Amino acid sequence: MSELETILRLVAEGHLTAEEAAPIVEALGHEPARPASTTAPPPVRTGRQIRIRVSEHGRQVVNLRIPLAFADMAARMVPGLSGDQAQRIKAAIASGLTGPIVDVEDSDGDAVLITME
């Protein structure tokens with residue numbers, strides 16, 4: 001993979017912004033592509049993995065990062081998820097947007113937090 005391809009991959013994955021990548025591309029001797037419009041919305045960052053955190057009595061007992069390819073199967077293995085919560089997980093996986101999907105906590109300090117990262 002060339003240096004330019006590496007930089008473009010980092011931008012596509014959200015590790016670098018286009019503004020951060022531009023001087024690097026210029027230093028490599030390539031002219032960066034200019035946006036057609038300066039008012040274009042920023043790119044939407046899409047998730048690459050699901051994080052599942054489970055706490056019992058306020059103590060974290062599970063902290064997993066799971067690639068999206070296995071996320072649907074892993075979500076089915078989390079005990080106590082309702083059908084509605086399972087549907088939200090499937091919809092989040094399909095959309096690819098990052099952020100919290102399920103955040104449930106009871107009065108005993110038992111909790112499940114599932115986020116797309």
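Modeller: Gladly! Let us begin with a word we will need: two residues are in contact when heavy atoms of theirs lie within 4.5 Å. Please keep in mind that this is a predicted model.

Biologist: Then which residues does Asn 63 touch, leaving out those up to four places away in sequence?

Modeller: Asn 63 touches Arg 51, Ile 52 and Arg 53. Asn 63 itself sits in strand β2. Its C-alpha atom is separated by 7.1 Å from that of Arg 51, a residue 12 places apart along the chain.

Biologist: What makes the link between the side chains of Asn 63 and Arg 51 a polar contact?

Modeller: The side chains are joined at 2.6 Å, and a polar contact asks for a pair of N or O atoms within 3.5 Å, one able to donate a hydrogen and the other to accept it.

Biologist: Why is Asn 63 called partly exposed?

Modeller: Its relative accessibility is 38%. Buried would need under 20% and exposed over 50%, so Asn 63 falls in between.

Biologist: And Ser 55, buried or exposed?

Modeller: Ser 55 has a relative accessible area of 18%. Because the limit for buried is under 20%, Ser 55 counts as buried. Ser 55 lies in strand β1, residues 49-56, and stands opposite Ala 111 in β4. Beyond its neighbours within four places in sequence, Ser 55 has contacts that include Gln 60, Val 61 and Gly 109.

Biologist: How do you know that β1 pairs with β2?

Modeller: Pairing takes at least two bridges, and 8 bridges join β1 to β2, so these antiparallel strands qualify. As an example, Ile 52 has Leu 64 in β2 as its bridge partner. On the other pairings, β1 and β4 share 6 bridges, and 6 also join β3 to β4.

Biologist: What order do the strands take in the sheet?

Modeller: The order is β2-β1-β4-β3, in an open sheet with antiparallel pairing.

Biologist: Why are β2 and β3 said to stand at the edges?

Modeller: β2 (59-67) and β3 (99-105) each have a single partner strand, so one side of each lacks a neighbour in the sheet.

Biologist: What makes β4 mostly covered?

Modeller: In β4, 5 of its 6 residues are buried. Helix α4, residues 83-95, lies across β1, β3 and β4.

How values were computed. Residues numbered from 1 in each chain as written. Predicted model: local features only at pLDDT ≥ 70, side-chain atom pairs only at ≥ 80, totals over all residues. Heavy atoms only, no water. Helix = DSSP H or I, 4+ residues; strand = E, 2+ residues; numbered from the N terminus. Buried < 20%, exposed > 50% of the residue type's maximum accessible area, 1.4 Å probe, protein only. Axes fitted to C-alpha atoms, helices over the stretch in contact; angles between N-to-C directions.
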